[in-house]
Structure formats: C-alpha cells, structure tokens
Amino acid sequence: MAPDPWFSTYDSTCQIAQEIAEKIQQRNQYERKGEKAPKLTVTIRALLQNLKEKIALLKDLLLRAVATHQITQLEGDRRQNLLDDLVTRERLLLASFKNEGAEPDLIRSSLMSEEAKRGAPNPWLFEEPEETRGLGFDEIRQQQQKIIQEQDAGLDALSSIISRQKQMGQEIGNELDEQNEIIDDLANLVENTDEKLRTETRRVNLVDRKSTSCDSASAAAVTSLELSEG
C-alpha cells in the first residue's frame, strides 16, 4: 500500500523543525561563549526556508484532499490541527532564531503554561478524536486507508446497483417496445377484420335484397296465373 503523501511530507517537515531547533541551540551555545557560527546561521536560514515551503506544500495537499473528498471531514480537521501546530512551531523557531523568543527546548513548555493560564486554545493540546487517540502515524495512516477503501467499496457497490438498475430499465424499455409493436399489430389486425366484416355485411345485404326481389316477382307471377285460369 502506497504511503499517504500528506503524512510523508508531514513527517519530513517535523524532522526539519526538530533539526532547526537543535541547530539554534548549538548556535546559541556558541554565542554564549562569545563565538560566532556563520555556517550554522546560513544552515538555519536554509532550513527555515525549506520548512516554510514544506508547510505551504502541506496546505496545498490538504486543500486538494478535502476538495476531492479523498479524506473525511473529520480527518481533514485533524490534519488541519497538525498543520496549525507546525505553523506555530515555525513562527516560534523563527523568533528564536532572531533571538526574539525562548530557547527551542523551552518553547513548547512555555507555550503550554501560558496558554493554559489565559484559557486560550492551545495548538499543542488540540482535542484529538476518539478514533485516533493513542494511535501512531502508521496506525492512523492504516486507519485512513481503511476508511478510504470502505468508501471505495461503497461506491463500487452503489455503481453496481446503478448499473443493474440501468440494465433493468433498458430491458423494461425493450419489453415495452415489443409490447407496443404487438399492440400495433393487433390494432392493424382488428382494423382489417373490421373492414372485411363490413364488406361481408354489404354482400349479405345485397344478396338479401336480390332474394327479396326474386320472391316478390315469383309471387306476382303465381297470382297472375291463378287469375288467368279463373
């Protein structure tokens, strides 16, 4: 099963953030000793730029996944929380790099305590759904893949049902066409039979009139003969 590109990018981005924090600590140690570390500074700047680009890529991947329904809304919200966490870490690391913030190893603990005191939402302590609580990234990916597979199976079943219904509709349509043809044939047959019946009726009436005329002529002849004999 191919790894989820979002989580692969997320893992590498977290590693970059961790590397930045470690290198900032190293730079600060040099500065405390009165030493300069230009190479470390250049490296940190490059890593910060890479971190920024990775976060932008994660945003783009998340938007696409949500827009194309590749993931559930719940999973989209969970990934957004992870992404917000990374953005916060980027901002704190940048401030620490500029010597405007706390040490990298103190950033998380100080953020937790200060946010807790103010009662404001803490991006490090977002409420994780019950479905994924306590799971590692690999387990979450497997769970997400399972959900996607179940959705695909449901779509396949729905597609199969629609296909069968379409086939049934076509068969019913064909049967109706055949029934209409039979009805048309019956109508033509009835019309022809009716025409023949009318023709035969006319013939019978004609024969009946001729027979009546013959009977009248015969009766008149008999009467004339009786009168002459008398």
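Is Tyr 10 buried or exposed? Tyr 10 counts as buried, at 4% relative accessibility. Buried means under 20% relative accessible area, exposed means over 50%, and partly exposed lies in between (1.4 Å probe, protein chains only). This is a predicted model, where local features need pLDDT of at least 70, side-chain atom pairs count only at pLDDT 80 or more, and totals for chains, interfaces and linings use all residues. Residues are numbered from 1 along each chain as its sequence is written, and side-chain values use heavy atoms, with hydrogens and water left out.

**Aromatic cluster**

- Trp 6, Phe 7 and Tyr 10 form one aromatic cluster.
- A pair of aromatic rings is described by the distance of the centres and the angle of the planes.
- Rings of Phe, Tyr and Trp (its six-membered ring) pair if their centres lie within 6.5 Å; planes under 30 degrees apart count as stacked, over 60 as edge-to-face and the rest as tilted.
- The count by this rule is two aromatic pairs.
- Trp 6 and Phe 7 are edge-to-face, because their ring centres are 5.4 Å apart and their planes stand at 85°.
- Trp 6 and Tyr 10 are stacked, because their ring centres are 5.4 Å apart and their planes stand at 10°.
- About one helical turn separates Trp 6 from Tyr 10, because they are four residues apart in helix 1 (residues 5–32).
- Helices (H or I, at least four residues) and strands (E, at least two) are DSSP runs, numbered from the N terminus.
- Trp 6 is buried at 2% relative accessible area, and Phe 7 is buried at 0%.

**Nonpolar core**

- A nonpolar core is a set of buried Ala, Val, Leu, Ile, Met, Phe, Trp, Tyr and Cys residues joined through side-chain atoms within 4.5 Å.
- The largest nonpolar core has 23 residues, and Trp 6, Tyr 10, Ile 20, Leu 51 and Leu 93 touch the most other members.
- Helix 1, helix 2 (38–67) and helix 3 (73–97) are the elements that give two or more residues to this core.
- Helix 1 supplies the largest share of this core, nine residues.

**Helix 5 and the surface**

- Leu 155 sits in helix 5 (residues 137–229).
- Leu 155 is exposed, with 52% relative accessible area.

**Record annotation**

- An unreviewed UniProt entry places the feature "coiled-coil region" at residues 176–203.
- UniProt positions are given in the numbering used here, feature names are shortened, and annotations may be inferred rather than shown by experiment.
- Residues 176–203 are 100% helix and 0% strand, and the end C-alpha atoms of this span lie 40 Å apart.
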